[in-house]
Amino acid sequence: MANVNVGFGLKPISMLGGAPATQGTNSYHIASDASAIFQGSPVIATNGGTIAVSSSASGDTLKFVGVFAGCEYVSSSTGKKVFSNFWPGSGADTNFDIIGFVHDNPFQRFIVCSDASLTDKATAIATIFEGAEFSAESGKGAANGSTTTGMSAAQLDVSTVDASDLSHPLKIVGILDDPENEDFTAAGIPLIVVINNHALLAGSAEATVG
């Protein structure tokens, strides 16, 4: 039976080391002309001191600050503060800061669904500790999402799983035990990942990428 999972980006579940819950978020500025950022989207640092949505669908070679959880800003039409699970890309009063909340702990674990079959459980287990990119399929990339739900649509690209390419943005560390999504012959397997080459752990003093 096909899995029920659809793309939802990166969903925080726990920390490396066995901590059972997420460790909250930290706030970062968003530029008023920044493109839409969806809940569950990986975000990059910019040279302007702000965060932004991924500058490529695959996310390959990028250093991510973390995963977007939502934002607050003052509406340019009502003058009231808005709390939203996504940044729509416009509509803020630029006299006030636009603040995004990010799961930025480098040791945060996330669930992401696969964009294709993993063949069987043994093959899926063999992907653990390997790197991967976000899907290159239309509408499933690191920057994609829905302005209706505010949710990211990003999925992991199974075809890019590779133990030797250290530039990939995701590292697979496990498979979520989920009875509704355990058909390894179909897309939608919930893989547990961490952000590879995290911007806040980068060896270089320059963490910005845009």
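Where is Asn-197 found? Asn-197 is in the segment after S12, and I will come back to it at the end.

Hello everyone. Before we go on, please keep in mind that this is a predicted model, where local features need pLDDT of at least 70, side-chain atom pairs count only at pLDDT 80 or more, and totals for chains, interfaces and linings use all residues. Residues are numbered from 1 along each chain as its sequence is written, and side-chain values use heavy atoms, with hydrogens and water left out.

Let's start with strands. The helices (H or I, at least four residues) and strands (E, at least two) are DSSP runs, numbered from the N terminus. Two strands pair if DSSP finds at least two bridges between them. Please find strand S11, residues 170-175. S11 pairs with strand S9, residues 131-134, in the antiparallel sense over two bridges.

Now to the rings. How many aromatic pairs does the structure hold? There are three. For rings of Phe, Tyr and Trp (its six-membered ring), a pair means centres within 6.5 Å; planes under 30 degrees apart count as stacked, over 60 as edge-to-face, and the rest as tilted. I will show you two of these pairs.

Take Phe-38 and Phe-86: their ring centres are 5.9 Å apart and their planes meet at 5°, so this pair is stacked. The pair links distant parts of the chain, 48 residues apart. Phe-38 is in the loop between strand S2 (26-29) and strand S3 (42-45), while Phe-86 is in the loop between strand S6 (81-84) and strand S7 (99-103). Both Phe-38 and Phe-86 are buried. Here buried means under 20% relative accessible area, exposed means over 50%, and partly exposed is in between (1.4 Å probe, protein chains only).

Next come Phe-64 and Phe-134, an edge-to-face pair with 6.3 Å from centre to centre and 85° between the planes. Phe-64 lies in strand S5 (residues 64-74) and Phe-134 in strand S9, so the pair ties together parts that are 70 residues apart in sequence. Phe-64 is buried, with a relative accessible area of 1%. Phe-134 is buried too, with a relative accessible area of 1%.

A ring can also have a charge over it, if NZ of Lys or CZ of Arg is within 6 Å of the ring centre and within 35 degrees of the ring normal. Here the charged end of Lys-11 sits over the ring of Phe-8, 4.4 Å from its centre.

On to charges. Side chains of opposite charge can pair when their charged atoms come close. For a salt bridge, a side-chain nitrogen of Lys or Arg must be within 4 Å of a carboxyl oxygen of Asp or Glu. A search of the whole structure finds two of them. In one, Glu-72 joins Lys-81, with the closest N and O atoms 3.6 Å apart. Glu-72 counts as buried at 18% relative accessibility, whereas Lys-81 counts as partly exposed at 49%. In another, Lys-140 joins Glu-137, with the closest N and O atoms 3.3 Å apart. Lys-140 is partly exposed at 21% relative accessibility, and Glu-137 is partly exposed at 40%.

Glu-133 is found in strand S9, and its side chain makes a polar contact with the side chain of His-168 at 3.4 Å. (A polar contact is a pair of N or O atoms within 3.5 Å; within protein, one must be able to donate a hydrogen and the other to accept it, and residues adjacent in sequence count only if both atoms are side-chain atoms.)

Last, some backbone angles. Phe-129 has a positive phi of about 80° although it is not a glycine. Phe-129 sits in the loop between helix H1 (121-125) and S9, and it is exposed, with a relative accessible area of 62%.

And back to Asn-197, as promised. Its phi is near 50°, a positive value in a residue other than glycine. Asn-197 is partly exposed, with a relative accessible area of 36%.
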